[in-house]
Amino acid sequence: MYQNSGNILFVSDEVQKLAQFRDEYVSSYNVFVASSVREAHRMLKEYEIHVVLVKQMMPSMSGLQFFESISHDFPNMTNIILYDGGDTESLEQAYEAGQIFRFLHMPSSHVELRMTIDNALRLHKAEFERKQLLDEVSEYKDQQRHILDLFKRYVPGEVVSQALETNKEDIMKPGESRVVSVLFADMRNFTRLTSQLAPSDVVNFLNDYWEIITRSIKNNKGSVNKYMGDGMLAVFGAPVSYMDNHENAVNAALDMIDSLEEINQKYAKKLGGEISIGIGINSGEVIVGNIGTDNFMEYTVIGNTVNNAARLETISKKKPNSIIISKKTYDLVKHAFKTSDMAQARVSDKKETIMFCEVLGPKPDNIYPMNTQSNV
């Protein structure tokens, strides 16, 4: 805490002048005096001194040498040199270099010395407040960074960055139509596999599971839109689009299947069986945007493309670790992946059918046809 009346230390080997200085200024400042540089150094370590006045020439070292010797331990000290004649070149150099605040010829007038001390105290207080503000800003930034890191666990990082760069009144702007690939993934037999685990173990398992699975999404430039217990919705092409959105979605799905080996090595024995997943991918137009209130918002993808991606994931239940893609997705990625023959299934509670196939793996030579575009 910075006190209203400054703490000043006067260092001189002339005891009479120390007593005189204390008598003249004790009514205005908290005055400390030292008759040697060692005593002064001890006081600096023991008390919170704001301004130091030192006689330039003393038996063991000069005032400049003293300030040089304490600069490592007290870098923010405000220093004043009092000299009684002689060459001032070194003092001028020290002043220009910012090593001392002022140097005064002694004896100086009472008014001049008081003005110099007052100015030094104001400078020291300003520096103290500046440093305090910088520390507060640094602490605030650390807190904000921690909050953002935590926030990005729940919200796509791209959405967070977009929100930070957007005016508050613009965040709730109308939705946008985009062409994307939507990926639904769901763990098979989750209830059976985790029925014997304690609730805390179930949560720890899911956290580990999604940490590994999500890595595949992020590595392929996708964005996790939401977790739904043992299920997940990811989007490729929103909020940020890349040249190969639809290929990225299928590559992410293949990586997810591959990553199961890492998960099973850690949990298969504890769960009493290996983990498998099913994945459905559909491509097409969706509406995306931030939906909610001032208290809670969610970045959401809406539309029939999303609904059909969820239905494709349901079709994948027929075969463990299968990746089912719609014909729309197939038409966009067929140059890059081997698939099964096209099949069809009736969309639940609708008369229409959906065309689909299973992804079997990447083609050896992934060369994109010249007359086709990779995405919109």
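Colleague: What is the average pLDDT of the chain, and which residues have a pLDDT below 50?

Modeller: The chain averages a pLDDT of 84, and 87% of the residues score at least 70. Where pLDDT is low, the predicted coordinates should not be read in detail.

Colleague: How many helices and strands are in the chain, and what share of its residues is buried?

Modeller: The chain has 376 residues, and a residue counts as buried when its relative accessible area is under 20%. There are 12 helices and 14 strands. The buried share is 43%.

Colleague: Where is the kink in helix 10 centred?

Modeller: Helix 10 covers residues 245–271 and has a kink of about 55 degrees. After the helix comes G272, with a positive phi near 80 degrees. The kink itself is centred on N264.

Colleague: Which residues are joined by a cis peptide bond?

Modeller: M106 and P107 are joined by a cis bond with omega about 0 degrees, and P107 is in the loop between strand 5 and helix 5. In the loop between strand 8 and helix 10 lies P239. P239 is joined by a cis bond, omega also about 0 degrees, to A238.

Colleague: Is K221 buried, partly exposed or exposed?

Modeller: K221 is in the loop between helix 9 and strand 7, and its phi is positive, near 65 degrees. Its relative accessible area is 45%, which falls between the 20% limit for buried and the 50% limit for exposed. Therefore K221 is partly exposed.

Colleague: Is D341 buried or exposed?

Modeller: D341 sits in the loop between strand 12 and strand 13. Not counting residues up to four places away in sequence, D341 touches F356 and C357. Its relative accessible area is 69%, and the cut-off for exposed is over 50%. Therefore D341 is exposed.

Notes:
Residues numbered from 1 in each chain as written. Predicted model: local features only at pLDDT ≥ 70, side-chain atom pairs only at ≥ 80, totals over all residues. Heavy atoms only, no water. pLDDT = per-residue confidence, 0-100. Helix = DSSP H or I, 4+ residues; strand = E, 2+ residues; numbered from the N terminus. Buried < 20%, exposed > 50% of the residue type's maximum accessible area, 1.4 Å probe, protein only. Bend = angle between axes of the 7 residues up to and from the residue. Contact = heavy atoms within 4.5 Å.
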